[in-house]
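Please keep the structure in view while reading.

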Amino acid sequence: KNLQFRKTSMASYDFDVIVVGSGAGGSIAAQQIASSGKTVALIESDRLGGSLAHSSTIPKLALIQAARTFESGKRGAKFGLRGVGVGYNYPSVKRWKDSVVKQTSGHLTPKHYGSKGITVVTGKAYFIDKHTISIGKARLRAKKFVIATGAQHVVPTIPGLASSGFLTAEDATNLLRPPKSLAILGSGAHALEFAQLFATFGTRVTVLSLGHELLAGEEPEAVALLTKELKKQYKVQIVPDAKVHLVRGTGLKKKLTLERSGKTADLTVDQVLVVTEQYASIDIGLENAGVKYEHTGIHVNRNLQTTAKHIFAIGDCVDAPHYGHVAAYHGQVAAHNIVHPKHFTTAHAALPRVVHTLPELAAVGATEAELKEQNISYKSVTLPASLVIKSATSAADAGFIKLLASTHTNLILGATLLHPDAGDAINELSIAVTNHLTTEQLAHSVHTFGSWSELIRAGAAKLSKA
């Protein structure tokens with residue numbers, strides 16, 4: 001605020017640490033560093049709290065919960081419940097989402113950060129040299145930096161797409177009513193989450209993966225079963241390996257010309273949503289600071305230091321899974337490593353991955369393909385969700401657990417869950433991978449009767465005897 005050019009010697013700094021980006025990772029890093037007594041500036045070019053708070057994860061999860069509740073009401077007859085038909089008012093659903101966003105991020109103000117000893121500066125940061133950034137005409141110098149600038153979906157270069165208009169993820173969470181038909185360009189978690197969200201509210205959804213593998217890197221059998229459920233229960237059409245040659249606006253509709261397996265076809269929809277792969281948001285003069293990067297992210301070591309050791313990078317702007325919990329974890333690690341001489345190292349193998357569909361797909365650690373590629377000797381077990389009582393009491397039998405363990409040590413190496421609460425249950429397996437637990441240790445731990453976690457105990461017990 002009212003920053004001016006500063007005349008400083010090369011050895012002087014305005015702050016001990018400057019954090020660029022106020023999302024989940026940047027906010028946590030700034031607060032933890034400031035609590036140690038260091039002077040901290042937090043630079044934000046948009047809204048405090050970042051995209052997670054305002055335009056991606058939190059608003060999307062609020063809408064997903066509303067959709068789940070609506071879906072539960074529609075399925076009441078299966079549980080012997082009778083009553084009038086369940087309906088919805090989408091503007092009211094949006095108001096619920098807006099109230100959640102306000103509740104979770106409304107306190108993120110300059111005053112809030114100021115009370116924690118953090119100076120908030122609004123504007124786009126750009127490195128001039130290794131210790132200096134510009135924000136407009138102002139210059140700020142710091143001894144150390146944390147880059148937490150996030151990532152953004154790349155808009156594919158399809159003729160007519162830009163001129164015809166399309167929805168971003170933020171646009172999709174702010175619609176006043178769901179479209180009657182929707183084409184989703186993407187192949188990752190965002191694409192399938194939005195597909196089920198809008199299909200639940202009656203939208204005719206087609207997912208076009210644009211030649212990319214759906215949920216690339218996850219266990220193929222989990223992806224296959226999840227997509228089967230989306231097609232069967234929600235009538236979502238999934239078109240793999242599709243090429244979109246042209247998008248044309250025709251009145252209030254959009255016509256996409258597709259090619260697959262050498263055949264062309266037209267798809268007419270009300271809206272097109274673009275949630276394709278994400279590239280790091282790193283147009284901030286990194287080369288001037290001696291920081292190496294690719295479009296996939298900034299190069300960091302296991303301490304989250306860049307090639308300029310006084311500059312750390314965290315969250316979606318590095319080559320790591322793009323989740324809020326990963327950014328938060330990175331923020332904690334980077335803050336510790338800036339404040340303390342003994343550094344923490346990141347444990348990316350133990351970071352859980354979640355697709356918030358119904359059923360949810362959650363995974364942690366290595367997949368079977370990765371273990372084979374690394375020539376690691378392993379054993380595996382796969383058990384259906386219907387094995388546990390929770391499946392019957394929930395009327396949810398589509399799902400399974402897959403556990404991977406070392407042949408020699410029985411250490412848990414990886415896991416995949418597919419059931420309604422997989423996103424919560426996977427945390428136990430993240431702890432197992434992080435702390436090098438064995439199948440026997442999991443199998444001999446008490447798991448509450450009638451819970452989805454019984455599936456973990458059952459899988460571990462069977463694998464320990466394999």
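A residue is called buried when its relative accessible area is under 20%, exposed when that area is over 50%, and partly exposed in between, as found with a 1.4 Å probe on protein chains only. By this rule G186 counts as buried, because its relative accessible area is 3%. The model is a predicted one, in which local features need pLDDT of at least 70 and side-chain atom pairs count only at pLDDT 80 or more, while totals for chains, interfaces and linings use all residues. Residues are numbered from 1 along each chain as its sequence is written, and side-chain values use heavy atoms, with hydrogens and water left out.

The predictor's confidence in each residue, pLDDT, runs from 0 to 100. Its average over the chain is 94, and 97% of the residues score at least 70.

**Around G186**

G186 sits in the loop between β8 and α8; helices (H or I, at least four residues) and strands (E, at least two) are DSSP runs, numbered from the N terminus. A contact means heavy atoms within 4.5 Å. Leaving aside residues up to four places away in sequence, G186 touches A191, V207, L208, S209, V275 and T276.

**The nonpolar cores**

A nonpolar core is a set of buried Ala, Val, Leu, Ile, Met, Phe, Trp, Tyr and Cys residues joined through side-chain atoms within 4.5 Å. In the largest one, I184, F194, F198 and V236 have the most contacts inside the core. The elements giving two or more residues to this core include α3, β8 and α9, but α8 gives the most. Apart from this core lies another, whose residues include V354, I401, V433 and L442.

| Nonpolar core | Size | Some of its residues |
|---|---|---|
| Largest core | 38 residues | I184, F194, F198, V236 |
| Another core | 30 residues | V354, I401, V433, L442 |

F194, again without counting residues up to four places away in sequence, touches K60, A169, A172, T173, I184, L273 and V275.

**The second largest pocket**

On a 1 Å grid over the protein atoms alone, a pocket is an open set of points where a 1.4 Å probe fits, with protein on both sides within 12 Å along at least five of seven lines, and lining residues have an atom within 4 Å of a point. The second largest pocket holds about 580 Å³ of space, and of its 23 lining residues R75, L358, A395, A396 and P420 are the closest to its centre. α9 gives the most to this lining, with six residues.

Definitions and conventions:
Points joined across faces, edges and corners; volume = space filled by probe spheres on them.
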